[in-house]
Amino acid sequence: MNNLNWSRFQELSGAETENFEKLCRGVVKRHFAGSGIWHELKSQPGVEFLIELSADHPRLGRDGEKVGWQCKWFQYRANGSLTSSARTQITESLDKTVKHVADINHWILWTHVTLSKEDQKWFQGLKKSYNFQLHMWNQDDLNELLNGPALDLRNSYFGELALTNEMLNQQHQLSIASVKERWLQQAHQTAV
(Lines give C-alpha, C1' and ligand atoms only; values in the text may rest on other atoms or scores of the structure.)
Protein backbone atom coordinates (compact mmCIF):
# COMPACT_ATOMS: atom_id res chain seq x y z
CA MET A 1 0.00 0.00 0.00
CA ASN A 2 1.28 3.48 -0.86
CA ASN A 3 2.35 5.84 1.89
CA LEU A 4 0.12 8.84 2.45
CA ASN A 5 1.10 12.06 0.72
CA TRP A 6 0.60 14.59 3.51
CA SER A 7 1.66 17.50 1.31
CA ARG A 8 -1.34 16.70 -0.91
CA PHE A 9 -3.55 16.59 2.18
CA GLN A 10 -2.24 19.97 3.33
CA GLU A 11 -3.20 21.55 0.00
CA LEU A 12 -6.89 20.89 0.63
CA SER A 13 -9.14 23.80 1.52
CA GLY A 14 -9.97 24.13 5.20
CA ALA A 15 -7.93 23.66 8.33
CA GLU A 16 -5.72 20.56 8.51
CA THR A 17 -7.01 19.87 12.02
CA GLU A 18 -10.64 19.74 10.85
CA ASN A 19 -9.83 17.81 7.68
CA PHE A 20 -7.88 15.21 9.66
CA GLU A 21 -10.77 14.79 12.09
CA LYS A 22 -13.25 14.43 9.21
CA LEU A 23 -10.99 11.90 7.49
CA CYS A 24 -10.61 9.78 10.63
CA ARG A 25 -14.34 9.94 11.36
CA GLY A 26 -15.10 8.81 7.81
CA VAL A 27 -12.64 5.92 8.02
CA VAL A 28 -13.99 4.72 11.37
CA LYS A 29 -17.61 4.99 10.20
CA ARG A 30 -16.90 3.02 7.05
CA HIS A 31 -14.99 0.25 8.82
CA PHE A 32 -16.49 0.03 12.31
CA ALA A 33 -19.91 1.71 12.56
CA GLY A 34 -21.59 -1.64 11.93
CA SER A 35 -19.85 -2.99 15.04
CA GLY A 36 -22.13 -1.15 17.43
CA ILE A 37 -23.97 2.05 18.27
CA TRP A 38 -22.34 5.19 16.90
CA HIS A 39 -22.27 8.29 19.15
CA GLU A 40 -21.13 11.80 18.36
CA LEU A 41 -22.11 15.30 19.32
CA LYS A 42 -21.13 18.59 17.78
CA SER A 43 -18.09 19.74 19.79
CA GLN A 44 -18.12 16.47 21.75
CA PRO A 45 -15.90 17.00 24.82
CA GLY A 46 -13.05 14.52 25.26
CA VAL A 47 -13.53 12.41 22.15
CA GLU A 48 -14.75 13.32 18.67
CA PHE A 49 -16.88 10.19 18.34
CA LEU A 50 -17.34 6.79 19.93
CA ILE A 51 -18.82 3.37 19.33
CA GLU A 52 -20.56 1.20 21.89
CA LEU A 53 -19.67 -2.28 20.65
CA SER A 54 -22.52 -4.76 20.09
CA ALA A 55 -20.13 -7.71 19.73
CA ASP A 56 -16.49 -8.51 20.42
CA HIS A 57 -14.18 -6.88 17.90
CA PRO A 58 -10.55 -8.05 17.63
CA ARG A 59 -9.21 -4.55 17.03
CA LEU A 60 -11.51 -2.45 19.21
CA GLY A 61 -12.70 -4.34 22.28
CA ARG A 62 -15.40 -6.52 23.79
CA ASP A 63 -19.16 -6.52 23.49
CA GLY A 64 -20.66 -3.62 25.45
CA GLU A 65 -17.41 -1.63 25.70
CA LYS A 66 -17.22 1.96 24.52
CA VAL A 67 -14.37 3.01 22.24
CA GLY A 68 -13.68 6.71 21.65
CA TRP A 69 -11.31 8.53 19.29
CA GLN A 70 -9.49 11.81 19.77
CA CYS A 71 -8.02 12.83 16.40
CA LYS A 72 -5.20 15.35 16.61
CA TRP A 73 -3.23 17.07 13.87
CA PHE A 74 -0.25 18.63 15.61
CA GLN A 75 2.69 20.75 14.57
CA TYR A 76 5.77 19.03 15.98
CA ARG A 77 9.11 20.31 17.22
CA ALA A 78 12.09 20.13 14.86
CA ASN A 79 13.13 16.82 16.48
CA GLY A 80 9.66 15.33 15.84
CA SER A 81 8.43 15.46 19.43
CA LEU A 82 5.20 16.95 20.74
CA THR A 83 5.17 20.54 21.91
CA SER A 84 4.09 21.28 25.48
CA SER A 85 0.87 22.73 24.02
CA ALA A 86 0.14 19.42 22.25
CA ARG A 87 0.69 17.48 25.46
CA THR A 88 -1.64 19.87 27.27
CA GLN A 89 -4.30 19.35 24.58
CA ILE A 90 -4.04 15.59 25.06
CA THR A 91 -4.37 15.71 28.85
CA GLU A 92 -7.24 18.21 28.60
CA SER A 93 -9.05 15.85 26.21
CA LEU A 94 -8.49 12.95 28.59
CA ASP A 95 -9.80 14.97 31.53
CA LYS A 96 -12.88 16.06 29.54
CA THR A 97 -13.50 12.43 28.68
CA VAL A 98 -13.51 11.53 32.39
CA LYS A 99 -16.03 14.29 33.04
CA HIS A 100 -18.33 13.80 30.03
CA VAL A 101 -17.91 10.15 28.93
CA ALA A 102 -17.15 8.49 32.23
CA ASP A 103 -18.08 4.98 31.11
CA ILE A 104 -15.64 4.80 28.20
CA ASN A 105 -13.37 1.73 28.08
CA HIS A 106 -10.90 2.53 25.29
CA TRP A 107 -9.54 5.98 24.40
CA ILE A 108 -7.64 6.20 21.13
CA LEU A 109 -5.32 9.12 20.37
CA TRP A 110 -5.03 9.27 16.58
CA THR A 111 -2.22 11.44 15.18
CA HIS A 112 -1.02 11.77 11.60
CA VAL A 113 2.55 10.81 12.51
CA THR A 114 3.99 8.24 14.88
CA LEU A 115 4.78 9.81 18.23
CA SER A 116 8.44 9.94 19.23
CA LYS A 117 9.75 7.33 21.67
CA GLU A 118 9.80 9.97 24.42
CA ASP A 119 6.20 11.02 23.68
CA GLN A 120 5.01 7.43 23.57
CA LYS A 121 6.59 6.81 26.98
CA TRP A 122 4.92 9.97 28.33
CA PHE A 123 1.54 8.93 26.89
CA GLN A 124 1.78 5.39 28.25
CA GLY A 125 2.64 6.89 31.65
CA LEU A 126 -0.77 8.58 31.67
CA LYS A 127 -2.49 5.18 31.95
CA LYS A 128 -2.22 5.19 35.74
CA SER A 129 -4.29 8.40 35.91
CA TYR A 130 -7.33 7.10 34.04
CA ASN A 131 -9.75 4.21 34.48
CA PHE A 132 -9.85 3.36 30.76
CA GLN A 133 -7.28 1.96 28.36
CA LEU A 134 -5.20 4.34 26.26
CA HIS A 135 -4.23 3.50 22.70
CA MET A 136 -2.23 5.26 19.99
CA TRP A 137 -3.04 5.19 16.29
CA ASN A 138 -1.03 6.98 13.61
CA GLN A 139 -0.53 7.26 9.84
CA ASP A 140 0.16 3.52 9.60
CA ASP A 141 -3.31 2.74 10.98
CA LEU A 142 -4.83 5.31 8.64
CA ASN A 143 -2.94 3.96 5.64
CA GLU A 144 -4.11 0.43 6.48
CA LEU A 145 -7.75 1.50 6.86
CA LEU A 146 -7.90 3.64 3.70
CA ASN A 147 -8.96 0.64 1.63
CA GLY A 148 -12.12 -1.31 0.91
CA PRO A 149 -15.06 0.74 2.18
CA ALA A 150 -12.79 3.77 2.73
CA LEU A 151 -10.98 3.75 -0.62
CA ASP A 152 -13.03 6.75 -1.71
CA LEU A 153 -11.52 8.71 1.19
CA ARG A 154 -7.97 7.80 0.10
CA ASN A 155 -8.80 9.13 -3.36
CA SER A 156 -10.58 12.21 -2.05
CA TYR A 157 -7.95 13.30 0.47
CA PHE A 158 -4.73 12.01 -1.09
CA GLY A 159 -5.37 11.06 -4.71
CA GLU A 160 -6.51 12.46 -7.98
CA LEU A 161 -9.94 13.27 -6.60
CA ALA A 162 -8.53 15.67 -4.01
CA LEU A 163 -9.35 19.18 -5.21
CA THR A 164 -7.57 22.28 -4.07
CA ASN A 165 -9.00 25.78 -4.51
CA GLU A 166 -6.50 26.34 -7.32
CA MET A 167 -7.63 23.17 -9.10
CA LEU A 168 -11.29 24.16 -8.75
CA ASN A 169 -10.54 27.61 -10.17
CA GLN A 170 -8.71 26.05 -13.14
CA GLN A 171 -11.67 23.76 -13.84
CA HIS A 172 -14.06 26.70 -13.60
CA GLN A 173 -11.98 28.71 -16.08
CA LEU A 174 -11.96 25.77 -18.50
CA SER A 175 -15.71 25.24 -18.19
CA ILE A 176 -16.60 28.90 -18.92
CA ALA A 177 -14.01 29.40 -21.67
CA SER A 178 -16.47 28.62 -24.48
CA VAL A 179 -19.08 31.16 -23.31
CA LYS A 180 -16.82 33.75 -21.71
CA GLU A 181 -16.74 36.10 -24.71
CA ARG A 182 -20.56 36.07 -24.98
CA TRP A 183 -21.08 36.66 -21.26
CA LEU A 184 -22.48 40.07 -20.36
CA GLN A 185 -22.23 40.69 -16.64
CA GLN A 186 -24.69 43.58 -16.88
CA ALA A 187 -27.35 41.28 -18.38
CA HIS A 188 -26.83 38.55 -15.80
CA GLN A 189 -29.49 38.28 -13.13
CA THR A 190 -28.41 36.71 -9.85
CA ALA A 191 -30.98 34.55 -8.10
CA VAL A 192 -31.71 35.58 -4.53
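This is a predicted model: local features need pLDDT of at least 70, side-chain atom pairs count only at pLDDT 80 or more; totals for chains, interfaces and linings use all residues.
Trainee: What is the make-up of the chain in terms of helices and strands?
Mentor: The chain holds 7 helices and 5 strands. Read from the N terminus, the order of elements is α-α-β-β-β-α-β-α-β-α-α-α.

Trainee: Why are α2 and α6 called roughly antiparallel?
Mentor: Helix α2 covers residues 16–32 and helix α6 covers residues 151–158, and they pack at an angle of about 165°. Angles over 145 degrees count as roughly antiparallel. The pair α2 and α6 is therefore roughly antiparallel. Their axes are 10 Å apart, and the crossing of α2 and α6 is left-handed.

Trainee: Which residues of α2 and α6 meet?
Mentor: From α2 the residues are N19, K22, L23, G26, V27 and R30; from α6 they are D152, L153, Y157 and F158. By class, the residues of this contact divide into 5 nonpolar, 2 polar and 3 charged.

Trainee: How do you know that the length of α2 agrees with its number of residues?
Mentor: The expected span is 1.5 Å times one less than the number of residues. For the 17 residues of α2 that should give 24 Å, and the end C-alpha atoms are 23 Å apart, which agrees.

Trainee: Which residues of α2 are called buried, and what cut-off makes them so?
Mentor: N19, F20, L23, C24, R25, G26, V27, V28 and F32 are buried in α2. The term requires under 20% relative accessible area. In the chain as a whole, buried residues make up 40% of the 192 residues.

Trainee: Why is α3 called roughly parallel to α4?
Mentor: Helix α3 (residues 84–100) packs against helix α4 (residues 117–125) at an angle of about 25°, with the axes 12 Å apart. Since angles under 35 degrees count as roughly parallel, α3 is roughly parallel to α4. The crossing of α3 and α4 is right-handed.

Trainee: What makes up the contact of α3 with α4?
Mentor: R87, I90 and T91 in α3 meet E118, D119, W122 and F123 in α4. This contact has 3 nonpolar, 1 polar and 3 charged residues.

Trainee: How many of the chain's contacts between residues at least 6 apart in sequence join residues at least 24 apart?
Mentor: The share is 62%. A contact here means heavy atoms within 4.5 Å.

Notes. Residues are numbered from 1 along each chain as its sequence is written. Side-chain values use heavy atoms; hydrogens and water are left out. Axes are lines fitted to C-alpha atoms, for helices over the stretch in contact, and angles run from 0 to 180 degrees between N-to-C directions. Helices (H or I, at least four residues) and strands (E, at least two) are DSSP runs, numbered from the N terminus. Angles under 35 degrees count as roughly parallel, over 145 as roughly antiparallel, 65 to 115 as roughly perpendicular and the rest as oblique. A crossing is left-handed if the near helix is turned anticlockwise from the far one by less than a right angle, and right-handed if clockwise. Ala, Val, Leu, Ile, Met, Phe, Trp, Tyr, Cys and Pro count as nonpolar, Asp, Glu, Lys and Arg as charged, and the others, Gly among them, as polar. Buried means under 20% relative accessible area, exposed over 50%, partly exposed in between (1.4 Å probe, protein chains only).
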